[in-house]
Amino acid sequence: MKATETPPAVAATDPAPVSKSPAPGGKEKSSEGQVLNVFSHGVLIIWAILVVLPLLWAIMSSFKNDDSILSTPWALPDKLHFENWSRAWSQAHMSDYFFNTIVVVGGSLIGTLLLGSMAAYVLARFDFPGNRFIYYLFIGGMSFPCILALVPLFFVMNNMGLLNTRHGLILVYIAYSLPFTVFFLTSFFRTLPGSVAEAAMIDGASHTRTFFQVMLPMAKPGLISVGIFNFLGQWNQYMLPTVLNTDPKYRVLSQGLVELASSQGYKGDWSGLFAGLVMAMLPVLAAYIIFQRQVVAGLTAGAVK
């Protein structure tokens with residue numbers, strides 16, 4: 001028995017593939033995308049110039065003398081006048097203002113993150129009567145203007161003996177920052193997997209241990225993000241310490257800079273003023289540069305579950 005022979009291949013009669021011409025609107029869409037890309041990059045460049053140039057000018061002016069600042073404000077300094085920084089640090093009492101600010105902001109930041117994370121965890125993970133009511137109370141605190149509470153807050157602080165004290169200002173900063181912190185961290189805790197907390201509870205961990213050893217380390221990106229925002233707001237706060245902290249011994253940096261500018265009178269120590277201004281800006285810039293990746297991670301962590 002012979003195997004059946006395969007017939008010779010028949011030449012394909014199909015016509016050769018015709019190359020498709022690009023869609024008429026393809027070039028228009030690509031050109032529109034290029035125009036939009038150029039426009040967005042132009043806006044970003046302009047915004048960067050508006051932000052970076054004043055900062056560089058302030059740093060440059062802090063190393064110049066008063067005559068150079070007034071005569072050639074945009075020229076580079078002929079030499080670096082480090083005595084401006086030493087004069088602002090010692091004679092203008094910027095060292096005392098800096099110390100007071102670190103104590104107040106450091107204490108209030110720790111208290112805000114601790115209390116805010118605990119409240120946000122309970123509101124996000126536990127269902128109980130009044131949960132939404134308490135949550136919306138914190139939300140309402142974000143919409144309440146701080147300036148409306150200055151007069152009653154002054155009398156409350158006075159009756160409690162907390163005026164012109166560091167710990168009194170720390171408590172006010174914590175109360176001022178808690179609404180936004182709870183709002184931010186509640187949304188963040190809801191995105192964390194609940195199976196990890198359930199596994200810890202099955203292993204015998206208490207609610208306190210589960211929160212501090214399991215859930216809080218998982219919320220590190222959110223804590224860093226909201227911590228940076230609170231740090232910026234509390235470091236640059238001027239209205240609250242002006243009303244509640246009138247003792248020169250406990251003034252913070254924002255008050256010290258205003259005092260340095262107003263006390264000059266006709267002397268015009270502009271170089272010392274710029275040096276003090278740069279001193280106040282450096283911690284904020286350093287904090288953002290160090291934690292910028294964590295800030296972005298914390299802001300985008302809740303977008304994808």
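A cavity is a set of grid points where a 1.4 Å probe fits but cannot get out, and the residues that line a cavity have an atom within 4 Å of such a point. With that in mind, we can turn to this model, which is predicted. A search of the whole structure finds 1 cavity of 30 Å³ or more, and about 30 Å³ of space lies in the largest cavity. Its lining is made by Thr101, Val105, Tyr173, Gln234, Trp235, Gln237, Val252, Leu253 and Ser254, and the elements that give two or more residues to this lining are α4, α10 and α12. By class, the lining has 5 nonpolar, 4 polar and no charged residues.

The pockets, in contrast to a cavity, are open. About 390 Å³ of space lies in the largest pocket, which is lined by 15 residues, with Cys146, Ala149, Val172, Ala175 and Tyr176 lying nearest its centre. The largest share of this lining, 6 residues, comes from α7, and by class the lining has 14 nonpolar, 1 polar and no charged residues.

The second largest pocket holds about 240 Å³ of space, and α1 gives the most to its lining, with 7 residues. The lining of this second largest pocket has 9 nonpolar residues, no polar and no charged ones.

Where the two helices meet, residues of α4 including Leu114 and Tyr121 face residues of α9 including Phe211 and Met215 in contact.

Methods
Residues numbered from 1 in each chain as written. Predicted model: local features only at pLDDT ≥ 70, side-chain atom pairs only at ≥ 80, totals over all residues. Heavy atoms only, no water. 1 Å grid on protein atoms, 1.4 Å probe; cavity = no way out; pocket = protein on both sides within 12 Å on 5 of 7 lines; lining within 4 Å. Points joined across faces, edges and corners; volume = space filled by probe spheres on them. Helix = DSSP H or I, 4+ residues; strand = E, 2+ residues; numbered from the N terminus. Nonpolar A, V, L, I, M, F, W, Y, C, P; charged D, E, K, R; others polar. Contact = heavy atoms within 4.5 Å.
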